[in-house]
Amino acid sequence: MAAEAATAAPAVAERAASPAVLPAVSAPFDFSRPPVIEGFSPPPRLKEETFKEKFMRKTTENPFVPIGCLGTAGALLYGLRAFHQGKTRQSQLLMRGRIFAQGFTVVALVVGVLGTALKPKQ
């Protein structure tokens, strides 16, 4: 029994001294390129859009979203100004108007998404 303990102790010491070897894990895809999706080929881009070009294209596709955003921002700013001046009634009405404008914007977004989804593919 003493001989077994003597032989077991060096084996434990050898295992503790050897560094743990971990298998190499490779990334599932290359981060420098877009992922490859089977059965999907994106349409070729003729050129990269600038921010202004994309903004103008999106605005012409669904003009009610920017209108709703401007209405929301305007009602918020004017309502905060009225609140700062102590006009609580006007401030409350403008905050309700802001909620209406936000709702209008959300509805415009949903209608735009549905319109895009239901549009026949070219």
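Helices (H or I, at least four residues) and strands (E, at least two) are DSSP runs, numbered from the N terminus. The model described here is predicted: local features need pLDDT of at least 70, side-chain atom pairs count only at pLDDT 80 or more, and totals for chains, interfaces and linings use all residues. Residues are numbered from 1 along each chain as its sequence is written, and side-chain values use heavy atoms, with hydrogens and water left out.

The protein chain holds four helices and zero strands. Its pattern along the sequence is α-α-α-α. Of the 122 residues in the chain, 12% are buried. Buried means under 20% relative accessible area, exposed means over 50%, and partly exposed lies in between (1.4 Å probe, protein chains only). Contacts were also counted, a contact being heavy atoms within 4.5 Å. Among contacts with a separation of 6 or more, 44% join residues 24 or more positions apart.

Helix H3 covers residues 64-84. The expected span of a helix is 1.5 Å times one less than its number of residues. For the 21 residues of H3 this gives 30 Å, and the end C-alpha atoms are 30 Å apart, which agrees. The buried residues of H3 are Val-65, Gly-68, Thr-72, Ala-75, Gly-79 and Ala-82. Seen down the helix axis, these buried residues fall within an arc of 130 degrees, so they line one face of H3. The arc is taken from the directions from the helix axis to the C-beta atoms. An α-helix has 3.6 residues a turn, so residues three or four places apart point the same way. On the other side of H3, Leu-70, Leu-77 and His-84 are exposed. The cover over the buried residues of H3 includes helix H4 (88-118). After H3 comes Gly-86, with a positive phi near 90 degrees.

Helix H4 has 31 residues. From its first C-alpha to its last it reaches 45 Å, close to the 45 Å expected at 1.5 Å a residue. Its buried residues are Ser-91, Leu-94, Met-95, Arg-98, Ala-101, Thr-105, Ala-108 and Gly-112. These buried residues pack against H3. Thr-105 gives a detailed view of this packing. The relative accessible area of Thr-105 is 10%, so this residue is buried. Leaving out residues up to four places away in sequence, Thr-105 touches Val-65, Gly-68, Cys-69 and Thr-72.

Gln-102 is found in H4 and is partly exposed, with a relative accessible area of 33%. The C-alpha atoms of Gln-102 and Val-65 are separated by 9.8 Å, and the two residues are 37 residues apart along the chain. Val-110 also has its place in H4. At 44% relative accessibility, Val-110 counts as partly exposed. Val-110 and Val-65 are 45 residues apart in sequence, and their C-alpha atoms are 9.9 Å apart in space.

Asn-62 lies in the loop between helix H2 (51-61) and H3. Asn-62 counts as buried because its relative accessibility is 17%. A polar atom of the Asn-62 side chain lies 3.0 Å from the backbone oxygen of Ala-108. A polar contact is a pair of N or O atoms within 3.5 Å; within protein, one must be able to donate a hydrogen and the other to accept it, and residues adjacent in sequence count only if both atoms are side-chain atoms.

Asn-62 also belongs to the lining of the largest pocket. A pocket is found on a 1 Å grid over the protein atoms alone, as an open set of points with protein on both sides within 12 Å along at least five of seven lines; lining residues have an atom within 4 Å of a point. The largest pocket holds about 290 Å³ of space. Its lining is formed by Arg-57, Lys-58, Glu-61, Asn-62, Val-65, Leu-109, Gly-112, Val-113, Gly-115, Thr-116 and Lys-119. H4 gives the most, with five residues.

Key: On a 1 Å grid over the protein atoms alone, a cavity is a set of points where a 1.4 Å probe fits but cannot get out, and a pocket is an open set with protein on both sides within 12 Å along at least five of seven lines; lining residues have an atom within 4 Å of a point. Grid points are joined across faces, edges and corners, and a volume is the space filled by probe spheres set on the points.
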